[in-house]
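Dear colleague,

I am passing on the structure below, together with some notes on what turned up in it. Please read the notes with the model open beside them.

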Amino acid sequence: MSNQAWLERSFAAVWHPCTQMKRHERLPIVPIASADGVWLTDFDGKRYLDGVSSWWVNLFGHGHPRIKQAVRKQLDSLEHVMLAGFTHRPVVELSERLAALSGLGHAFYGSDGASATEIALKMSFHYWKNVGRPQKTRFVSLENSYHGETVGALAVTDVPLFSSTYAELLKPGLRAPSPDARQAVPGERAADVALRAARSLENLLAKHGGEIAAVIVEPLVQGAAGMAMHDPIYLTELRRLCDQYQVHLIADEIAVGFGRTGSFFAYQQAGITPDFLCLSKGITGGFLPLSCVLTRDEIYQAFYHDDVARGFLHSHSYTGNALACAAALAVLDIFDDEDVLEANRVKAEGFTRQMRPLAERPEIRHFRQRGMIWAFDVDTARSDFALAYFSAMLNRGCLLRPIGKSVYFMPPYTLKSEEMDWLASASVDALDEVLAGESVGGDPTALP
Ligand SMILES: *Cc1c(COP(=O)(O)O)cnc(C)c1O
């Protein structure tokens, strides 16, 4: 069957995520028949370079042989068993290895990022009840934060397009300024912006600390904000303030964990440890849905009691799925055996050089990079920039999805230098085309 037939059937029967479906009257849905490495292939044989690791999950591209093999092997013994009251080899090994990597010895599983956020929020809230401080019920999140779209997670997400419709459903939280380095005024460094944001947070904690359970942050890079990056000193300050005001620090590393920012976990660049660590997206290399919340012993102990209701009774049917855990173990094996962090460091330096012609374009603002993430903002009056750029790149065989007027690259770690050359030159061409064109209307943020 052709692309056209699949996209028509999808348009009729599938309600696609994060999408105004009517947009697809004009912009075709892209049916994918197969994928290999960094390439997606449609039903007509056209290839697309996956420049965003399929929403930031396919760390090692598609169909990585080691992960595939691990899932196949696991299939022969155990695909799934409920995790309440039962256990299995992959979930035990994964929990031990994540504990060794993070220093957080207790692993609680979910199936997607938003459920990890929910788990961390509920655990923090419940901890304070269990230790006799039930007035600590509020959460602080940062401006332009994104922590998922279930009702609890949406309350700590600051993307009005996603949340304002549901305002009456959401428990209002407190919001602190973002340490986004783009806010630097002339003469200021990224660290100055970070320290300024930390001072505002301190005022908030000084005033409301007694009612605050936790501060939740995306360490180093606020992804959905358009890859807003900040100096690690913000996290160092945040840790100090959380200790001082007895507030939990929740690190949402759903997007930035697993080496994306250059260290295995982003918070490690600040020399700190969070109280809760949320992981998902890259955890299985894009093979299966899985998320995990790690926490430390003192928090775990506050739930450990003869009273059932003091326990953390949260659950999901697929919690700790054996196939997903096996895929995650294979991801950790690849990190160990191939020294991925060091290889990425060398690669990222090269990629940044290759992107120089793009970075030096006059319409580009705030070209930025951290680890295997690159982003820049485009100075254009086109209100439909994101959609136009997405389409122009798709025509050139590349998958890039700008967020508003921020274009970003979040490629699989397996991207080769010649592929990056090609991606960078396609980006320049697409920019020429889009900037020469006229806006056809539409809002800048809502991409199909
Ligand atoms: C994607 C993401 C989430 C939500 O994860 P889902 O699996 O989409 O529910 C939460 N936090 C951050 C930082 C994310 O990037």
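Is D432 buried, partly exposed or exposed? D432 is partly exposed, with a relative accessible area of 39%, where buried stands for under 20% relative accessible area, exposed for over 50%, and partly exposed for what falls in between, computed with a 1.4 Å probe on protein chains only.

Before going further, please note that this is a predicted model, in which local features need pLDDT of at least 70 and side-chain atom pairs count only at pLDDT 80 or more, while totals for chains, interfaces and linings use all residues. Residues are numbered from 1 along each chain as its sequence is written, and side-chain values use heavy atoms, with hydrogens and water left out.

Salt bridges

D432 forms a salt bridge with R361, and the closest N and O atoms of the pair are 2.6 Å apart; the term stands for a side-chain nitrogen of Lys or Arg within 4 Å of a carboxyl oxygen of Asp or Glu. This pair links distant parts of the chain, 71 residues apart, since R361 lies in the loop between α13 (356-359) and β13 (364-370) and D432 in helix α15 (residues 417-436). Helices (H or I, at least four residues) and strands (E, at least two) are DSSP runs, numbered from the N terminus. R361 is buried, with a relative accessible area of 14%.

By the rule given above, the count comes to 24 salt bridges. Among them is the one between the side chains of D180 and R182, at 2.9 Å from N to O, and here D180 is buried, with a relative accessible area of 5%. Another joins R196 to E188, with the closest N and O atoms 2.6 Å apart; R196 is partly exposed at 32% relative accessible area, and E188 is partly exposed at 22%. There is also a network of salt bridges that links R239, D243, D275, R296 and E298.

The ligand and the UniProt positions

Around the ligand are W56, D112, G113, A114, Y146, H147, G148, E218, D252, I254, A255 and K281, a residue being counted if one of its heavy atoms lies within 4 Å of the molecule. A backbone N or O atom of G113 lies 2.8 Å from an oxygen atom of the ligand, and a polar backbone atom of A114 is 2.8 Å from an oxygen atom of the ligand. For Y146, a backbone N or O atom lies 3.5 Å from a nitrogen atom of the ligand.

Under "binding site", an unreviewed UniProt entry lists G113, A114, D252, H316 and S317; such positions are given in the numbering used here, with feature names shortened, and the annotations may be inferred rather than shown by experiment. D252 is placed in strand β10 (residues 248-252) and is buried, with a relative accessible area of 4%. Leaving aside neighbours within four places in sequence, D252 is in contact (heavy atoms within 4.5 Å) with T117, Y146, H147, I216, V217, E218, P219 and C278. The side chains of D252 and H147 are joined by a polar contact of 2.7 Å, which is a pair of N or O atoms within 3.5 Å; within protein, one must be able to donate a hydrogen and the other to accept it, and residues adjacent in sequence count only if both atoms are side-chain atoms. S317, in contrast, is found in the loop between α10 (297-301) and α11 (322-338) and counts as exposed, at 62% relative accessibility.

UniProt (unreviewed entry) also lists W55, Y146, K281, S315 and R401 for "binding site". These span 347 residues in sequence, and the farthest two C-alpha atoms are 33.4 Å apart, so they do not all gather at one spot. W55 sits in helix α2 (residues 53-56), is partly exposed at 41% relative accessible area and, not counting residues up to four places away in sequence, touches P17, C18, K281 and R401. S315 is in the loop between α10 and α11 and is exposed, at 57% relative accessibility.

Helix α11

Of the 17 residues of α11, 13 are buried, so this helix is largely enclosed by the rest of the structure. N321 caps the N-terminal end of α11, with a side-chain oxygen 3.1 Å from the backbone nitrogen of L323, and just after α11, D339 takes a positive phi of about 40 degrees.

With best regards
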